[in-house]
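Here are my notes for your review. Please read them with the model open.

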Amino acid sequence: MSELIIRRSHTKKYMFTILNQVSGNTFKVSGDEFILDGAIANGVNFPYGCQNGFCGQCKATLIDGEVDYTEDGIPPGITPEEVDDNMVLLCRCKAKSDVSIVVSELDDSANIEVKTMPCKVQKIERLSHDVAKVLLKIPGDESLQYLPGQYIDVIHPDFEPRAFSIANSPANSSLIEIHVRLINDGKFTNFVFNELQENSLLKIEGPKGDFYLRENSDDPIIMVAGGTGFGPVKAMVEHAIDIGITRQIHIYWGARNEDDLYSDLGYKWDKEHDNVNFVPVLSQEDGDSWQGRKGYVHESVLEDFDNLTEYEVYACGPPDMVKAVADTFASKGMFKDSFFADSFEFSSQ
Ligand SMILES: Cc1cc2nc3c(=O)[nH]c(=O)nc-3n(C[C@H](O)[C@H](O)[C@H](O)COP(=O)(O)OP(=O)(O)OC[C@H]3O[C@@H](n4cnc5c(N)ncnc54)[C@H](O)[C@@H]3O)c2cc1C
Ligand code: FES
């Protein structure tokens with residue numbers, strides 16, 4: 001265990017300075033707040049995803065100083081080996097002294113304020129037996145600035161906030177589209193399917209996450225979506241088309257059976273844009289009626305590409321799928337720096 005990490009020391013409520021040695025950025029946090037929360041409050045763009053200790057996206061290397069986790073101990077998003085290597089999860093640890101860390105901040109294009117805004121449910125449309133498209137209208141002249149691929153928390157007074165990826169390009173950012181999959185026994189998603197009415201008022205908080213289209217690269221792209229992971233892919237592809245990106249984009253969309261492919265847009269993009277290639281992959285379609293690809297979606301990519309060194313890979317959807325992509329694509333040469341993911345973990349609350 002790292003000597004730099006001291007647990008539950010009795011420190012008075014001091015302000016500490018956090019220094020990121022990569023960017024030279026510094027900010028102050030109190031010993032009572034999570035370091036990531038301090039970074040966000042100070043407009044420092046550390047990467048993050050779930051903010052709950054699960055996804056591991058807020059990992060940094062501790063160079064100097066002391067941090068502490070809550071009484072719940074080391075969160076699941078970091079392994080004991082990583083802890084031994086002085087890695088910390090910034091969303092769950094608090095400073096106990098001035099701290100120096102090393103972490104790659106998001107680039108300037110991600111310098112977007114996280115806002116909490118009211119919104120009205122403009123439309124709820126069933127796209128399949130277990131997916132609904134919900135359009136959220138931000139009133140007046142307000143809009144939500146975001147990067148395609150990012151997500152919002154949807155806030156209702158009766159529930160804990162729930163994360164949903166934005167499924168439309170930022171071109172019309174006063175109208176937010178989300179694709180909601182119904183979860184068995186899920187409190188909020190059942191509410192959306194059974195009780196939420198058009199014209200109801202909700203709040204959203206965002207944009208969040210570092211899963212967004214990197215525009216400052218010429219590398220060809222592979223997008224791997226599982227289920228409603230198609231939502232953020234849709235936002236990124238629509239944006240790429242809007243701004244005339246000509247990089248090759250291969251979209252692999254995994255679902256259980258044909259009914260789960262809740263949108264025809266992939267076929268349309270493929271037909272209308274030379275640089276877009278759409279491959280739906282079904283994992284539970286055994287009959288002859290489906291002539292397309294079968295199996296797990298990441299396996300189809302591995303069959304189609306011998307070498308992934310020059311590709312940027314974007315993966316989003318169920319945690320198992322995202323993990324399978326991360327684990328197996330690396331063996332075909334995918335670089336860690338060229339891999340971006342949003343794992344649709346569920347809330348722990
Ligand atoms: C960054 C991010 C982006 C997301 N984007 C989307 C999106 O665009 N579309 C979308 O449909 N979902 C998305 N999710 C997942 C979504 O947030 C959860 O499905 C939702 O919070 C479930 O809320 P609930 O109240 O219905 O379920 P809860 O009442 O919180 O959960 C009930 C039980 O269902 C199970 N469960 C809950 N969620 C899931 C899940 N996702 N997969 C498997 N089992 C689950 C758990 O066992 C849980 O105990 C995203 C998650 C994250 C972290
Ligand atoms: S583990 Fe920290 S943001 Fe997900």
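Predicted model: local features only at pLDDT ≥ 70, side-chain atom pairs only at ≥ 80, totals over all residues.

**Notes on helices, cavity and backbone**

1. M321, V322, A324, V325 and F329 are buried. Viewed down the helix axis, these buried residues fall within an arc of 160°, so they line one face of α7. The general rule behind such a pattern is simple: an α-helix has 3.6 residues a turn, so residues three or four places apart point the same way.

2. What do the buried residues of α7 pack against? Their partners are β14 (221–226), α6 (297–304), β18 (312–317) and β19 (339–343). The helix itself covers residues 319–330, which makes 12 residues. From first C-alpha to last, α7 reaches 17 Å, close to the 16 Å expected at 1.5 Å a residue.

3. Helix α4 (residues 230–242) is mostly covered. Of its 13 residues, 11 are buried. Those buried are F230, G231, P232, V233, K234, A235, M236, V237, E238, H239 and A240. Note that K234, E238 and H239 are among them.

4. The buried residues of α4 pack against β11 (162–165), β12, β14, β15 (249–255), α5 (265–272) and β18. β14 and β18 also pack against the buried residues of α7. The length of α4 checks out: at 1.5 Å a residue it should span 18 Å, and its end C-alpha atoms are 18 Å apart. After α4 comes G244, with a positive phi near 75°.

5. S300 sits in helix α6. Is S300 buried or exposed? Its relative accessible area is 1%, so S300 is buried, the cut-off being under 20%. Leaving out residues up to four places away in sequence, S300 touches Y252, V281, R293 and K294.

6. How many cavities of 30 Å³ or more does a search of the whole structure find? The search finds one. About 40 Å³ of space lies in the largest cavity. Its lining consists of V134, L136, V154, I178, V180, F188, V192, L196 and L202. Elements giving two or more residues to this lining are β9 (131–137), β12 (175–181) and α3 (187–194). By class, the lining has nine nonpolar residues, no polar ones and no charged ones.

7. I78 lies in the loop between β4 (67–69) and α2 (80–84). Although in a loop, I78 counts as buried, at 5% relative accessibility. Leaving aside neighbours within four places in sequence, I78 is in contact with K59, Y69, V83, M87, V88 and L89. Take V88: I78 and V88 are 10 residues apart in sequence, and their C-alpha atoms are 7.5 Å apart.

8. D288 also lies in a loop, between β16 (276–282) and β17 (293–294). D288 is exposed, with a relative accessible area of 66%. Where is N25 relative to D288? The two are 263 residues apart in sequence and 58 Å apart in space, C-alpha to C-alpha.

9. Next, the backbone. Most residues other than glycine have a negative phi, and most peptide bonds are trans. The peptide bond joining G206 and P207 is cis, with omega about 5°. P207 is found in strand β13 (residues 201–208).

10. N86 has a positive phi, near 70°. N86 lies in the loop between α2 and β5 (87–89) and counts as partly exposed, at 21% relative accessibility. D185 has a positive phi too, near 65°. D185 lies in the loop between β12 and α3. D185 is exposed, with a relative accessible area of 76%.

Conventions. Residues numbered from 1 in each chain as written. Chains lettered and ligands numbered in written order. Heavy atoms only, no water. 1 Å grid on protein atoms, 1.4 Å probe; cavity = no way out; pocket = protein on both sides within 12 Å on 5 of 7 lines; lining within 4 Å. Points joined across faces, edges and corners; volume = space filled by probe spheres on them. Helix = DSSP H or I, 4+ residues; strand = E, 2+ residues; numbered from the N terminus. Nonpolar A, V, L, I, M, F, W, Y, C, P; charged D, E, K, R; others polar. Expected span 1.5 Å × (residues − 1). Buried < 20%, exposed > 50% of the residue type's maximum accessible area, 1.4 Å probe, protein only. Arc of directions from axis to C-beta. Contact = heavy atoms within 4.5 Å.
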